Amino acid sequence: MKHRSSIALRLALWLSLGTCVFWVAAAAISTTVLRSELEQSFDESLRQSAFRLLPLARRELGQDSGQGPGRREPIPRMEFGPRSRDFNRRGPGPGGFAVDQEQFTYLVYDTSGTILVRAEDAPETLSELPREEGYLFVRGQRAFAFADRRSDLSILVMETSDARTRALWDAVAGLFWPLAALIPLLALGIWLAVRAALRPIERLSQDIALRNSANLAPLVDQGQPAELAPIVREVAALLDRLRAAMEAERAFAASSAHELRTPIAGALAQTQRLGAELGAHPSAARVKGIEQSLRSLSDLAEKLLQLSRLEAGFARSDQCVDLLPVLNLVERDFQLSPSTGGRIKLVVDPAAELVQKINPDAFAIAVGNLIRNALLHGAADSVVCVEAGPGAVVQVRNHGAVVAPEILARLRERFSRGPTRANGTGLGLAVVDAILSQTGGQLVLRSPAPGWNDGFAATMHLT
Amino acid sequence: MRILLIEDDHVLGAAIRDHVVADGHSVDWMQRLDDAQSSLQTVVYQLILLDLNLPDGRGLDLLRRLRSAGNVVPVIITTAQDQIAIRIEGLNAGADDYLVKPFDLSEMSARLAAVARRSAGIAAPQIVLGQVNVNLATKSVSVAGKGVAITSREWAVLERLLNRPGGLVTKSEIEDSLYAFGAEIESNAVEVYVSRLRKKLGHDLISTVRGMGYKIDR
């Protein structure tokens, strides 16, 4: 069977994917904004550091006024920075100013390009020292240069760590990790929500699936959401049209039966009269042959019409029907017939469950066919046992030759006949089988009949 | 018996009529309900063969009218409809039996005789009248164990008398059993058939009620 795609699965998948894409897009935009803010913040830190370090450096240089401005030894481990990630590692800077050694370093130089003050981790030389105030990149690191016009001193503050990048990545990770963790939960939530939203469709689908030729009851309209109301309405209209068409088909089949039976009855009766009037005339044998052919034609037409009615799905009943009166009526027909009277023995068990959802005509056809088969193909003049119950079971047993299992297996096929010389249409058991299939029952054929050494038994399990 | 056959199909109706006549009964064949209604107002029938679907209405309506008027004449429905509901409806409406078309004429004869017997209150088809043994089912008669051949007309007279055991059957009632509408009634036909029956079955079997009719004492 071809695998069919699921709307719920597709919806859940696409909704999850869509949500993820929007989440990623939102995170990307946030990252961009955040990066810009971080850049500004770190740049401002650089600038503020330059503004504050230069006066300190100038004073330090001024305290050595006897020597005048000149090159000083590198200042060891100056730490500064407003927002150290590891505040415990702070140490004293110029004037006791606390700086973070990992983030900034600096150079103080004069207009001639002579480096006057240098932090320990600052480069000893630079190919070109900036003269103008502003941001720039030095050896791939962000830096800020500031020149004090009064002292002719300039300072270059450079970042020495990847704190800027690390902060950005930390922020990005903070945005994306929850997404990764929440994706399964999100998908589960979407799946459950979609399933809940699609439940009315499932109910409608199951309701429609219950409809068949035997059940064309209106769909359950209550509790259906507004989106499904047009479907329910249209399906109800379709079922109405289908019901009308099937009713017409059933009526046509029943009417055909009526229209066909009357001329056959006329022909048969006239032939019988002709045979009676001819008496011992040589032509009487031919008339007998015609009569036999007419009977066969009548039987065949009857069975074909039964099949035709079955194809219109008439066997199942919406209401429970008491089948006992029907069984008695069928048995009465056979008892009153001079050719079969006295050959039927009906036994109804007190525990028989004969109130079933079966069309009484279909049940009468099924029992009638089984009894007719038993009378026709069973041992001549033997009694046919019709037993109802216990339970929803009706069994017809007859004495006669045992039917081989391979023949038994195909007896319910249309136009299939057992090892019998009696005339038959080969449709009787097929009709019974079709009736029980339509009503949810089962036909079981056995030979020899249960409890006997010979014969044949057809058991109808009605449910 | 005088039987009313109500059947609109010409071919079938003619065959049934001929067969019932051959059985020794008289038959009035009507093809419409209104004609049948008129016949019922003028003739007392011993049995009606009633088709359900007729050009001017349903046979069941006629049956209901009959029963509501207190008419208990036995009715056998002949129908091409095999629906259980219609059969039950027919029986509930007062039908004594029904035959689904197509049916064997011999079966129809048997059903007809069985219904007539039941209607006359005769449970068993076997009637023993002294030395005379009559089987209503097989239409056979024997006297002191020896079979006696009787004609269909003679049988019709005998059956008519047997259907009212110990009761008077008027000459006109017997004539009704022998002749249908339009048939020319021979003035002394009843006397002739009664005489023949006495000759074959014994002179004491049928008593004459002077000026009124005949009866069989049981």
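Mentor: Happy to! Let's begin with the count between chain B and chain A, which is three salt bridges (a side-chain nitrogen of Lys or Arg within 4 Å of a carboxyl oxygen of Asp or Glu). In one salt bridge, the side chains of R295(A) and D104(B) meet at 2.6 Å, N to O. A word on the basis: this is a predicted model, where local features need pLDDT of at least 70 and side-chain atom pairs count only at pLDDT 80 or more, while totals for chains, interfaces and linings use all residues. Residues are numbered from 1 along each chain as its sequence is written, chains are lettered from A and ligands numbered from 1 in the order in which they are written, and side-chain values use heavy atoms, leaving out hydrogens and water.

Stepping back, 30 residues of chain B are in contact with 27 residues of chain A (heavy atoms within 4.5 Å). The area buried between the chains is about 2400 Å², with carbon and sulfur atoms giving 58% (accessible area, 1.4 Å probe, that two parts lose on being put together, summed over both). In chain B, A80(B), I84(B) and P102(B) lose the most area to chain A, together 23% of what that side buries.

I84(B) also belongs to a helix pair: V326(A), L329(A), R332(A) and D333(A) in α5(A) meet I84(B), R87(B), I88(B) and L91(B) in α4(B) (helices are DSSP runs of H or I, at least four residues, numbered from the N terminus). α5(A) and α4(B) are roughly perpendicular to each other (angles of 65 to 115 degrees).

Key:
Angles under 35 degrees count as roughly parallel, over 145 as roughly antiparallel, 65 to 115 as roughly perpendicular and the rest as oblique. Helices (H or I, at least four residues) and strands (E, at least two) are DSSP runs, numbered from the N terminus.
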